[in-house]
Amino acid sequence: MAISLLSAITTLTRFSASSSSASINFKYIFSRRTVFTASPKRQKQRGCKIMASTSPVPETYSATQDKITAPYGSWKSPLTADVVSGASKRLGGTAVDGHGRLIWLESRPTEAGRGVLVKEPAKAGDEPSDITPKEYAVRTTAQEYGGGAFRIFGDTVIFSNYKDQRLYKHSIDSKDSSPLPITPDYGEPLVSYADGIFDPRFNRYVTVREDRRQDALNSTTEIVAIALNGQNIQEPKVLVSGSDFYAFPRMDPRGERMAWIEWHHPNMPWDKAELWVGYISENGDVYKRVCVAGFDPTIVESPTEPKWSSKGELFFVTDRKNGFWNLHKWIESNNEVLAIYSLDAEFSRPLWVFGINSYEIIQSHGEKNLIACSYRQNGRSYLGILDDFGHSLSLLDIPFTDIDNITLGNDCLFVEGASGVEPSSVAKVTLDDHKLKAVDFKVVWSSSPDTLKYKSYFSLPELIEFPTEVPGQKAYAYYYPPSNPIYQASPEEKPPLLVKSHGGPTSEARGILNLSIQYWTSRGWAFVDVNYGGSTGYGREFRERLLGRWGIVDVNDCCSCATFLVGSGKADEKRLCITGGSAGGYTTLAALAFRDTFKAGASLYGVSIPVIISEELWSISCV
């Protein structure tokens, strides 16, 4: 019988629960890359037992019914592995067409993750319609993580096709039209494009290109222009090159200036980057360039998200001075950067993927612009309207507590967000005539529309602050208590705890509805999602705690969080487990190898050197 990583941890917890206060004096270190197979005899020798229930569990339960008393970790739940893995579509971005209709990119688990562009129906009550033909999939592999795989201009979409990585032009409104390639066919998907923008002045598409034709391990990244007015496909024209990485090529309204972000090895874009503006000649070349931010060696900053107003003013986000990503404005006449609004909050997020859009410039009124923006502060997101003089920030009252991207519509905002009870969704937020208040909120797309039928099982996240090993220093986490409408534990029992270490390591745990978490809490586990030192969302100083100390700070903070919850009476000290993927998988392995806090762990595609071991040597992984 195969022992999977999740069933193995569950087995250990049930073994502990069924043995009263029996202490487990061994650790299992599991990796998702390996499935250990053992005979029934060897399973018995190792003290393992696989427990599974096939009894039906109701999706909803009456609050008037008496609860069943059962040990934590043994509760039955309708949130099965199949429900968790098949429940969610993933959102790959939003845009608005020339008619003001919402377009979104969704990846579908029922179609092997195929990315499909979908159009909002013209009439209320009608069904959304697919734009992408079935033989295509919208996705780019630029810089591995992709993002920014499409762009809408009027009734035309330019998108990256996953199979060949070429760019295609397609009509949104014509049902009979087929996508037309606009980039050369190199025989293999060795060239990828992302984060493009239309340039009406020269009828071309300006985009980031990653070229792996010469060296797949050391690709060349450039900003290129692709002609849209000819029948013959031409080699893209290089506009900007020489740096290691590029993002956010953005044309001003007249096509005379282009802004972009660039950065160089060994920096990541959230460590140090530069914002440049290039001036466009009559033949479409960049003939002069100016560095707007990131050039001063006395100022450490990572500018991001440049955007032009309709009047040709350049706005962007950077973390100079206070160490938080705040909105700024470029004064071109003397190459000066002006802070619009200073707040110890993050108005953007790390550039792991292309296509981030944390703010929108609403139609200018007189001498000032109104800026719809989202920001994160103390573990939650806010949506507000800011004037570019920084005189006021009006918060919009919406149910989302977590916000990703914003897209400007006609008298409305399309907001990508979620909350502790709402899965990843897109909501239409209608604004009043003054564009300062939200008068309507309506979810128009949901990643998991059927999940709310399990609402009675949901555990709500509690933001906690806990002390680290450094005196006076704090870190943060979201704690989810066990929750099931049918079951309860005896008052004297404490729940087992699963600690999650997020990836990145400069990612951020977010307190949103995640069925992968509810899978555990509905079975009687406590779960905590840790934002250890090095996470984003809390400013540069917090983010840089991990510099030169990866595998130390993150491990210490995860252990400190577990210890804090034990001391708070929210977890059983003898049943502490840890899990994480990618960088979080490395944290998991390091915590199990070098600390004694956890009894078991599951490393999912963790950063490590995999070793294949036979069944006879399997016990090597048992410490």
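These legends go with a set of close-up views of a predicted model.

**Figure 1. The whole chain, before we zoom in.**
Let's start with the big picture: this chain has seven helices and 39 strands. Of its 623 residues, 54% are buried. If you take the contacts between residues at least 6 apart in sequence, 54% of them join residues at least 24 apart.

**Figure 2. Y476 and F542, a pair of rings.**
A ring pair is described with two things, the distance of the centres and the angle of the planes. The structure holds 21 aromatic pairs, and here is one of them. The ring centres of Y476 and F542 are 5.7 Å apart and the planes meet at 45 degrees, so we call this pair tilted. Where do the two residues lie? Y476 belongs to strand β34 (residues 474-480), while F542 is part of helix α5 (residues 540-543), so this pair ties together parts that sit 66 residues apart in sequence. F542 itself is buried, with a relative accessible area of 5%.

**Figure 3. W520 and W525, two tryptophans edge-to-face.**
Here's another ring pair to look at. The centres of the W520 and W525 rings are 5.0 Å apart, and their planes stand at 70 degrees; that angle is over 60, so the pair counts as edge-to-face. Are these two residues buried or exposed? Both W520 and W525 are buried.

**Figure 4. Y72, W75 and Y487, rings in a cluster.**
Have a look at Y72, W75 and Y487 in this view: ring pairs link them into a cluster.

**Figure 5. Two arginines, each over a ring.**
The charged end of R523 sits over the ring of Y519, and the distance to the ring centre is 4.0 Å. Over which residue's face does R543 lie? That would be W325, with R543 at 4.7 Å from the ring centre.

**Figure 6. Helices α6 and α7, packed together.**
Helix α6 covers residues 553-567 and helix α7 covers residues 583-594. The two pack at an angle of about 70 degrees, and their axes are 9 Å apart. With that angle, α6 and α7 are therefore roughly perpendicular to each other. Which residues meet here? From α6 come D554, V555 and C558, and from α7 come T587, A590 and A591. Sort the residues of this contact by type and you get four nonpolar, one polar and one charged.

S374 sits in strand β26 (residues 368-377). Its relative accessibility is 5%, so S374 counts as buried. What does S374 touch, leaving aside its neighbours within four places in sequence? S374 is in contact with E346, F347, S358, Y382, L383, I403, D404 and I406.

The bond from H265 to P266 is cis, with omega near 5 degrees. P266 is in the loop between β18 (257-263) and β19 (274-280). G504 and P505 are also joined by a cis peptide bond, where omega is about 5 degrees. You'll find P505 in the loop between β36 (497-501) and α4 (515-521).

Most residues other than glycine have a negative phi. N335 is not a glycine, yet it has a positive phi of about 50 degrees. Look for N335 in the loop between β23 (326-331) and β24 (336-339). At 29% relative accessibility, N335 counts as partly exposed. D411 isn't glycine either, and its phi is positive, near 60 degrees. The loop holding D411 runs between β29 (402-408) and β30 (412-418). D411 has a relative accessibility of 49%, so this residue counts as partly exposed.

**Figure 7. E188 in its loop.**
Our last stop is E188, in the loop between β12 (180-181) and β13 (191-199). Is E188 buried or exposed? E188 has a relative accessible area of 51%, so this residue is exposed. E188 and D164 are 24 residues apart in sequence, and in space they are 6.6 Å apart, C-alpha to C-alpha.

Methods
Residues are numbered from 1 along each chain as its sequence is written. This is a predicted model: local features need pLDDT of at least 70, side-chain atom pairs count only at pLDDT 80 or more; totals for chains, interfaces and linings use all residues. Side-chain values use heavy atoms; hydrogens and water are left out. Rings of Phe, Tyr and Trp (its six-membered ring) pair if their centres lie within 6.5 Å; planes under 30 degrees apart count as stacked, over 60 as edge-to-face and the rest as tilted. Helices (H or I, at least four residues) and strands (E, at least two) are DSSP runs, numbered from the N terminus. Buried means under 20% relative accessible area, exposed over 50%, partly exposed in between (1.4 Å probe, protein chains only). A charge sits over a ring if NZ of Lys or CZ of Arg is within 6 Å of the ring centre and within 35 degrees of the ring normal. Axes are lines fitted to C-alpha atoms, for helices over the stretch in contact, and angles run from 0 to 180 degrees between N-to-C directions. Angles under 35 degrees count as roughly parallel, over 145 as roughly antiparallel, 65 to 115 as roughly perpendicular and the rest as oblique. Contact means heavy atoms within 4.5 Å. Ala, Val, Leu, Ile, Met, Phe, Trp, Tyr, Cys and Pro count as nonpolar, Asp, Glu, Lys and Arg as charged, and the others, Gly among them, as polar.
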